Every structure is written in structure tokens, then in C-alpha cells.
Amino acid sequence: MSLRPLGDKVVIKVKAEEVTTLGGIVLPGSAQEKPQQGKVIAVGTGEIIDGKKVPLDVKVDDEVIYAKYSGSEVKIGEEEYLIIRQADILAIVE
Amino acid sequence: MSLRPLGDKVVIKVKAEEVTTLGGIVLPGSAQEKPQQGKVIAVGTGEIIDGKKVPLDVKVDDEVIYAKYSGSEVKIGEEEYLIIRQADILAIVE
Amino acid sequence: MSLRPLGDKVVIKVKAEEVTTLGGIVLPGSAQEKPQQGKVIAVGTGEIIDGKKVPLDVKVDDEVIYAKYSGSEVKIGEEEYLIIRQADILAIVE
Amino acid sequence: MSLRPLGDKVVIKVKAEEVTTLGGIVLPGSAQEKPQQGKVIAVGTGEIIDGKKVPLDVKVDDEVIYAKYSGSEVKIGEEEYLIIRQADILAIVE
Amino acid sequence: MSLRPLGDKVVIKVKAEEVTTLGGIVLPGSAQEKPQQGKVIAVGTGEIIDGKKVPLDVKVDDEVIYAKYSGSEVKIGEEEYLIIRQADILAIVE
Amino acid sequence: MSLRPLGDKVVIKVKAEEVTTLGGIVLPGSAQEKPQQGKVIAVGTGEIIDGKKVPLDVKVDDEVIYAKYSGSEVKIGEEEYLIIRQADILAIVE
Amino acid sequence: MSLRPLGDKVVIKVKAEEVTTLGGIVLPGSAQEKPQQGKVIAVGTGEIIDGKKVPLDVKVDDEVIYAKYSGSEVKIGEEEYLIIRQADILAIVE
């Protein structure tokens, strides 16, 4: 099962890395601050700008930083994704 | 009796699947979190973009994910539907 | 006396049907949930889209579903109507 | 002294009719619900739509229904008027 | 010292007339309800509409009615003025 | 060190004049009401209107009146400035 | 690892300079008021204005002043950055 986002929307798999504290305790992702980084899983067909469809700037597999609290969290099967408008993506990490 | 949505609106039959808990109890759809998935039942004639009518991207029978709390719930006879603007549909599930 | 709505506005006679409860009691319309269905009584001359007047999609006598809490309720003589912008009409019931 | 409204504005003399209750008591206009009906006294020179000035749809002496709580109440000498944008006028009563 | 308003702005000298009450007491302007009438002192060079500069509809010396609570009050020397966008002027009193 | 404002932004040195009260006491600027007047120190390259860059209407050294609470106060070295969009400038004092 | 901002976005390294108080105590940046100045680290490909992509006005290494509370703070490795829309940059310090 896969997701095909519409228009200017982008599907992101949020990065939830383990963190080792100074005392050596491993914290799972959920014990940390809300993440703002993830990997692009699928992109929409483009954004309508002044009546023309312009392809999106991000591509599948890009690591991206996005604005806090943006997008919609959805759960498909056991996996959680974030579906976000490209305008809420701030930068690509290279 | 059927519904013919106007413009950029889409009629969705919300998916309310039974869930079997770990203990084996079957929960009906209403005991769960608000769903965000459904099947497209009817689509409007298109969205006006810069003065031109552009056909919608979703089609009848598409399984779609939509943004939480979007659209209007309506009851026609015994059936409940969600009527939603296409812009609130996030992705098609394939 | 009749109403001639302006521009993209539509006059609707709200449907308030009697309901027979399981115990056989007939509830008048006002004892139920706020209705969202009605019949089109009059339509405006059209909507201005990018400088051109486009005729409305709904016609007199259409049965329509509209978004909750939209429009203005007005009383003309003994009759109550809802005057609503076409954009708040969700679908035509056929 | 008269009022010449600007652009898409319309001057309305609000209708405040007496009402005879079932018991025969005559209520003056102020004891009733806020009215939504009035007569057009003067109209502006037109609305700018996409850079062109389009004459208004309402004319002097039209009886109109307007949206509740719209417009500005002004008092000129002893008379009270409502100055309203044409977009807040819902329909003409004929 | 004089004021040259920018763009679609208009400088108004607010009218604060004395009022003689029924009992013969003269109330200065400040004891009354917030006024909505004044005289145009200076007008801006025009409003930009769809990329073209259109001269304003009001002229110096016009008596105008404006929307309550609109504009900015400024004090130049001993004089108080209201600087307001033309869109907040409702009508010219003739 | 100098400031080069972007686009439609304008740098203003706020006027904080001494005031002599009726009793002869000199009040420094900070004991008074928030000022709304200042001198233009630098102007941006212009405002984008319908896709074309239009030079600003205010020039360096203009004395201007601006809307209360508009703009951003910034401190560069020992000096305090207000950076404001030209649209928040109401008038030029001549 | 580097950041490539999208569209009209700009990556800024916020300036957090030490301050020596009158008594000679050195305050680190975090004990002061929220800064509004920083250095441009990376710029997006441009802003879409009326359908055309216009390159940004700021360049890498520019010292800029930005509006308080604008942008999104992000942490990449040990470094903290601010990602901001160019429209929230007020001026370049020269």
C-alpha cells in the first residue's frame, strides 16, 4: 500500500532517532522534543501558480526540515507519516 | 437518491472498519479515533483556477486520506457522508 | 411578494419534515437537529469570476445540501427563508 | 442635506414597521428583533472588479434584505441611515 | 506646517459641534458620542488598482461620513486630525 | 555602520522632542505618549505592485507621520530606529 | 552537512555576542534580549512573484536585521539556525 499525494502535498516519514543521554540512557524518539526533520516518501504532481502547474522542488529521498506543527499526521497500517504542503518545508539537508 | 457535488467538492463515504483488540474484543468503528480515510462516491465538475474550470484529480472509487476536521458531515436517508473540498484531500491510497 | 437574490446568492426554503419516533410520536421539524437540506426558490444573476459573470450551477427547484450555519435566515411575511452564497451549497440531491 | 455614497456603498433607510400582537397591542419598531429590511436612498458610483468600474445592481427605491449586523449606522440631522456595501445586500424584495 | 497624505490616504478634520440639550445646556463636542463626520483637509495621490494609480473620489473641503473606529488620530501642533484610507469613507454629505 | 532596508521598507529615526509643561517643567521624550513622527533615514528599493517594482513615495530626510504600533524597533549601536513598511506611513509633514 | 533553503527562504546564523556590562561583567548572549541580527548562511532559489521566479535580494554573508519572532528555529547537529522568509528581513547592515 502506498500514498500518492495531491497537488503541492508531500508525504514525509518523520525521523525519530534514538538519543543516548550523558548518563548513557538510550531515549527513544518519543521522549524528545517534537522533531522537524524527515525523509520525503512521495511528492504531489505540482503546485498551481498563476494558472500553471509547476513541479515541486523536493524529490523522493530528500532529507527535509519543516516548520513545527505543520501538516497532518496520518497512520497507514503500522506506519505513521506526515503529509505537508511544500510551502511548509523550509530547507533540504545535504 | 444520489448526491451531485458542486464545483471542487467531493462526496466521501467514511471508512469505519471493525478493530479487534489485543484481548480479542471487536470494537465497532465509533469507539475509535476519528477516521481520516474514505472512498470517493461522487466528484464535482471541477475547480475554477484563474478563470478556467479544471477537472478534479480524484475519481469515483479512489481511497483517499483527508485532513482531520475538514468537510461537512451530511446524512441522506440512513447513510452518512462527508462532503469535502478537494483541497482538503491529502493523498490517494493505492 | 418575491425575493430576487443578488450576484452569487441563492434563496432556499429549508426542509422541515415531520419525524415519527420509534414510539410513534410525531416530532415537528423544530424538535430535531438543525437541517441542512432545502429547495432552491430563486437564484442570483451569477458569480463574478476573474471579471466575468458566470451563471450559477444550481437552478430553481433543485434540492440542495448546504454547509451548517451558513447563510442568513430571513422572514418575509409568514415564510422563513435562507439566503446563502452558492459556494456554501455542497451538493444537489437527485 | 443628502448623502452621496462612495464606490460600492449604498445608503439604506431601515424599515421599522409597527407590529400588532395577537392580543392587539401595537409594538413600535424598536421593541422587535433587529430589522434586516430597508429602502435604498442612494447608491455609489460602482464597484471596482478586476480594474473596471461596474455599476451597482441595486437602484434607488429598491426594497432590500441585508445581512444582519452589516454596515455602519449613521445619523444625519434627525434621520438614521445604514451605509452598507452592496456585497452585504442579499436580495431585492419585489 | 501641512500634511501630504500618501497613496489612498485622506486627512480629515473631525467635526466636533456644540450641542444644545433640551434643557438648554450647551454640551461641547467631547461630551457626545464619537463623531463620524469631518471635512477633508488633504488627499493622497491615488489608489493603486490592478497596477494603475486611480485618483481618489473625495476632494479637499468635502464633508464626509466615515466608518467608526477607522483611521489613525494624529496631533500636529495644537490641531488633531484623522488620517484614514479612502475605503473607510462611506459617503459625502452634500 | 548603516542600514539598507529591503523592498518596501523604510528606516525612520523617531522624533523624541522635549516638551515644556505649562508649569515650566521640561519633560524628556520618554515621559510622553508614544510618538508617531520621525525622519526618514533610508528607503528600500521599491514595492512590487502587479509584478513591477515601483519606487517608494517617501525620500530620505522626509518628516513622516506613521500608524501607531507599526513597524519593528531595532537598536544599532547606541541608536534606535524604526523599520516600517511604506504602507504604514500615513503622511509627509511639510 | 549543509542546508539548502527552498523558494523565498533564507538560513541565518543568529548573532549572539558577548556583552560587557558597566560593572565589567561579561554576559553571554543568552542573558540578553532576543536578538534580531544575524548572518545569512544560505538563500533559496527565489520568490515567485506574479508567476515569475525573482532571485532574492539578500546574499550569503550579508549581515541582516529581521522582524522579532519571525522564522523557525532549527538545530542541525550542534548548530542552531533560523530559517526565515525574505519578507521578514527588514534591512541589511553595511
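**View 1. Chain C meets chain D.** In this predicted model, 16 residues of chain C are in contact (heavy atoms within 4.5 Å) with 16 residues of chain D. Together the two chains bury about 1400 Å², with 57% of it on carbon and sulfur atoms. Buried area is the accessible area (1.4 Å probe) that two parts lose on being put together, summed over both. Arg4(C), Leu6(C) and Lys9(C) supply 39% of the area that chain C buries against chain D, more than any other three residues. Local features need pLDDT of at least 70, side-chain atom pairs count only at pLDDT 80 or more, and totals for chains, interfaces and linings use all residues. Residues are numbered from 1 along each chain as its sequence is written, chains are lettered from A in the order in which they are written, and side-chain values use heavy atoms, leaving out hydrogens and water.

**View 2. A salt bridge at Arg4(C).** Arg4(C) forms a salt bridge with Glu94(D). Their closest N and O atoms are 2.7 Å apart. The term means a side-chain nitrogen of Lys or Arg within 4 Å of a carboxyl oxygen of Asp or Glu. Between chain C and chain D the count is 2 salt bridges.

View 3. Strand 1 of chain C and strand 11 (residues 89-93) of chain D run antiparallel, joined by 3 bridges. Strands are DSSP runs (E, at least two residues), numbered from the N terminus. They pair if DSSP finds at least two bridges between them. Pro5(C) stands opposite Ala91(D) in strand 11 of chain D.

Note on methods: Helix = DSSP H or I, 4+ residues; strand = E, 2+ residues; numbered from the N terminus.
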